[in-house]
Amino acid sequence: MSANASPTGQTPTATSDPVKNDAVEDSAFLKACRREPVPHTPVWFMRQAGRSLPEYRKVREGIGMLDSCMRPELVTEITLQPVRRHHVDAAIYFSDIVVPLKAIGIDLDIKPGVGPVVEQPVRTRADLARLRDLTPEDVSYVTEAIGMLTRELGSTPLIGFAGAPFTLASYLVEGGPSRTYENAKAMMYGDPGLWADLLDRLADITAAFLEVQIRAGAAAVQLFDSWAGALAPSDYRRSVLPASAKVFRKVAGHGVPRIHFGVGTGELLGLMGEAGADVVGVDWRVPLDEAARRVGPGKALQGNLDPTVLFAGREAVETKAREVLDTAAGLEGHVFNLGHGVMPSTDPDALTRLVEYVHTQTAR
Ligand SMILES: O=C(O)CCc1c2[nH]c(c1CC(=O)O)Cc1[nH]c(c(CC(=O)O)c1CCC(=O)O)Cc1[nH]c(c(CC(=O)O)c1CCC(=O)O)Cc1[nH]c(c(CCC(=O)O)c1CC(=O)O)C2
């Protein structure tokens with residue numbers, strides 16, 4: 001019997017939770033998320049799959065990004081590549097934050113060198129009607145891929161993920177990547193009723209998408225509010241937190257750790273924990289001991305090596321990784337990660353060496 005099949009031989013369905021796998025539950029990653037003692041500090045990297053790996057570039061040749069997210073065998077292969085190569089403590093499901101929006105029929109594409117581009121931005125109340133509920137059938141390829149993946153992964157946990165309502169709204173309202181979020185913020189300040197309804201819609205879609213991943217076998221989930229750092233705490237609390245909290249509340253019953261991450265969120269760390277996370281992701285701008293003070297007790301932290309450090313040579317990487325481990329020494333739970341995703345031109349060998357360094361330095 002493969003490691004993740006249930007004792008009764010039943011495979012997970014779209015409507016019930018899978019039987020938990022003991023080896024996955026005992027993994028260093030899930031223990032750290034639950035703030036239990038660990039055999040070593042677990043490590044994984046945001047964007048650990050993808051363009052930094054030559055084997056990824058090879059299998060993606062001639063296949064568009066969104067198209068590749070809908071092919072279960074390809075998703076399985078790409079998700080496994082960094083686990084094989086780097087021996088990270090968790091896999092992250094290969095997808096993108098805009099996949100559930102595409103799945104409900106929003107006309108968008110991921111353009112190479114640009115990012116997600118939405119054909120008709122969402123700007124009016126009439127546009128909200130285009131954001132229908134997401135059903136498991138809309139993303140049957142996700143259920144299929146996660147079934148294959150959990151069998152292959154054995155005792156390695158799989159992290160599911162989704163974009164948070166604010167970050168998704170920023171792409172939908174702007175129509176693509178933005179530095180200023182002027183259209184999204186104009187709606188937030190100028191038409192707070194429409195904004196609240198938009199984020200509430202996105203919360204339902206996001207929660208449904210995470211639930212599909214959990215029911216298929218994801219052992220933890222990460223909510224990416226990558227661009228929330230653009231907001232002042234009072235605006236975040238009033239206009240964003242209620243929707244993110246709804247997502248966390250809706251998935252709470254499944255008993256999988258919920259990670260909440262954003263960039264430049266130093267002033268928001270406490271609120272992001274308050275939204276309902278079990279683990280708060282921290283970028284490199286705030287040391288982990290200070291982040292723990294801001295987040296408060298009862299939560300683990302994830303982070304927070306600056307991804308650009310990986311371009312600086314072995315000694316510098318080890319010095320900066322040591323610094324992260326030292327500031328994490330007193331935490332209730334620590335998952336080692338970068339402060340944001342692996343940059344596409346990162347030398348993959350530097351990542352492999354970093355995993356080994358963290359494991360040997362923290363072996364207990
Ligand atoms: O700057 C922008 O706003 C556009 C960013 C962008 C997105 N998807 C995108 C792009 C273009 C690009 O990366 O070049 C397009 C995108 N998404 C992804 C890839 C693959 C890669 O990075 O090489 C790519 C590039 C694909 C290509 O150009 O062929 C895959 C992806 N997106 C994401 C994830 C989850 C993760 O980071 O681990 C993952 C899976 C990684 C894995 O399985 O290891 C999540 C994602 N997508 C996106 C965001 C928003 C913020 C951000 O990118 O920093 C976020 C959340 C985040 O990383 O903070 C939007």
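These notebook entries record what I looked up in a predicted model.

**Entry 1: ground rules.** I number residues from 1 along each chain as its sequence is written, and side-chain values use heavy atoms, with hydrogens and water left out. Because the model is predicted, local features need pLDDT of at least 70 and side-chain atom pairs count only at pLDDT 80 or more, while totals for chains, interfaces and linings use all residues. Helices (H or I, at least four residues) and strands (E, at least two) are DSSP runs, numbered from the N terminus.

**Entry 2: the open sheet.** I looked up the strand order and found S1-S4-S5-S6-S7-S8-S9, an open sheet of seven strands with parallel pairing. Two strands pair if DSSP finds at least two bridges between them. Strands S1 (91–92) and S9 (334–338) stand at the edges, each with a single partner strand, so one side of each has no neighbour in the sheet.

**Entry 3: strand S5.** I then turned to S5 (residues 220–224), where five of five residues are buried; buried means under 20% relative accessible area, exposed over 50%, and partly exposed in between (1.4 Å probe, protein chains only). Ala-220, Gln-222 and Phe-224 lie on one side and Val-221 and Leu-223 on the other, and both faces are covered. Strand S4 (residues 158–163) pairs with S5 in the parallel sense over five bridges, and Gly-160 has Val-221 as its bridge partner in S5. S5 also pairs with S6 (residues 258–261), in the parallel sense over four bridges; there the bridge partner of Leu-223 is His-260.

**Entry 4: Thr-206.** I selected Thr-206, which lies in helix H11. Thr-206 is buried, with a relative accessible area of 2%. Leaving aside neighbours within four places in sequence, I list its contacts (heavy atoms within 4.5 Å) as Ala-162, Gly-163, Leu-168, Leu-223 and Val-247.

**Entry 5: H11 and H13.** I examined how H11 (residues 192–216) packs with H13 (residues 241–251): the angle is about 30° and the axes are 9 Å apart. That makes H11 roughly parallel to H13. Angles under 35 degrees count as roughly parallel, over 145 as roughly antiparallel, 65 to 115 as roughly perpendicular and the rest as oblique. Axes are lines fitted to C-alpha atoms, for helices over the stretch in contact, and angles run from 0 to 180 degrees between N-to-C directions. The contact includes Thr-206, Ala-207 and Leu-210 of H11 and Ala-243 and Val-247 of H13. By class, this contact has eight nonpolar, one polar and five charged residues; Ala, Val, Leu, Ile, Met, Phe, Trp, Tyr, Cys and Pro count as nonpolar, Asp, Glu, Lys and Arg as charged, and the others, Gly among them, as polar.

**Entry 6: H16 and H17.** I found H16 (residues 314–327) and H17 (residues 348–362) packed at about 45°, with axes 10 Å apart. That makes H16 oblique to H17. Among the residues that meet are Val-317 and Ala-321 in H16 and Leu-354 and Tyr-357 in H17. By class, the contact of H16 with H17 has six nonpolar, two polar and four charged residues.

Entry 7: Ile-110 stands opposite Pro-116 in S3. The hairpin has three residues between the strands, and Gly-113 takes a positive phi near 80°.
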